[in-house]
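Trainee: I'd like to learn how to read salt bridges and surface features from a model. Could you walk me through one?

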Amino acid sequence: KVSEGDPAKDAQKALEQIESKKYEADLRDRGIKDIVKVGIALKGKTCSCRIA
């Protein structure tokens with residue numbers, strides 16, 4: 001996400017979006033078990049990441 005406000009909050013929102021939209025479901029259907037979910041937000045030269 002490109003952040004308009006607080007990159008830390010937007011990175012958390014990105015991670016929540018990954019969870020709510022179940023983006024990993026297709027990977028699990030293909031037998032992939034080890035999945036790392038990462039929410040990243042950028043604002044200028046600032047970057048914030050959240051990992052689940």
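Trainee: Which residue forms a salt bridge with Asp10, and how far apart are the closest N and O atoms?

Mentor: Keep in mind that this is a predicted model. The general idea is that side chains of opposite charge can pair when their charged atoms come close. Here, Asp10 pairs with Lys13, and the closest N and O atoms are 3.9 Å apart.

Trainee: Where do Asp10 and Lys13 sit relative to each other in helix H1?

Mentor: They're 3 residues apart in helix H1, so about one helical turn separates them. Look at the cover, too: Asp10 is buried because its relative accessible area is 13%, whereas Lys13 is partly exposed at 49%.

Trainee: How many salt bridges are there by this rule?

Mentor: The count comes to 4. Another one links Arg30 and Asp26, at 2.7 Å from N to O. Arg30 is exposed, with 59% relative accessible area, and Asp26 is partly exposed at 43%. Salt bridges can also share partners, and that joins Glu19, Glu24 and Lys37 into one network.

Trainee: What does the Glu24 salt bridge with Lys37 look like?

Mentor: The closest N and O atoms of Glu24 and Lys37 are 3.7 Å apart. Glu24 is in the loop between H1 and helix H2 (25–29), and Lys37 is in the loop between H2 and S1, so this pair ties together parts 13 residues apart in sequence. As for cover, both Glu24 and Lys37 are buried.

Trainee: Back to Asp10 for a moment. Which residues does Ser3 touch, leaving out those up to four places away in sequence?

Mentor: Ser3 touches Asp10, along with Ala41, Leu42 and Lys43. Ser3 is found in the segment before helix H1 (7–20), and it counts as buried because its relative accessibility is 5%, under the 20% limit. Its side chain also reaches the backbone oxygen of Gly5, at 3.3 Å.

Trainee: And Leu42, is that buried or partly exposed?

Mentor: Partly exposed, because its relative accessibility is 43%. Leu42 is found in strand S1, and it belongs to a nonpolar patch on the surface.

Trainee: Which residues form that nonpolar patch?

Mentor: Val36, Val38, Ile40, Leu42 and Ile51, with about 450 Å² of accessible area together. Strand S1 (residues 38–43) gives the largest share, 3 residues.

Conventions: Residues are numbered from 1 along each chain as its sequence is written. This is a predicted model: local features need pLDDT of at least 70, side-chain atom pairs count only at pLDDT 80 or more; totals for chains, interfaces and linings use all residues. Side-chain values use heavy atoms; hydrogens and water are left out. Helices (H or I, at least four residues) and strands (E, at least two) are DSSP runs, numbered from the N terminus. Buried means under 20% relative accessible area, exposed over 50%, partly exposed in between (1.4 Å probe, protein chains only). A polar contact is a pair of N or O atoms within 3.5 Å; within protein, one must be able to donate a hydrogen and the other to accept it, and residues adjacent in sequence count only if both atoms are side-chain atoms. Contact means heavy atoms within 4.5 Å. Patches are made of residues with over 30% relative accessible area and no salt bridge: like charges are joined within 9 Å, nonpolar side chains (Val, Leu, Ile, Met, Phe, Trp, Tyr) within 5 Å. Accessible areas come from the Shrake-Rupley method with a 1.4 Å probe; for residues, only the protein chains shown count as cover. A salt bridge is a side-chain nitrogen of Lys or Arg within 4 Å of a carboxyl oxygen of Asp or Glu.
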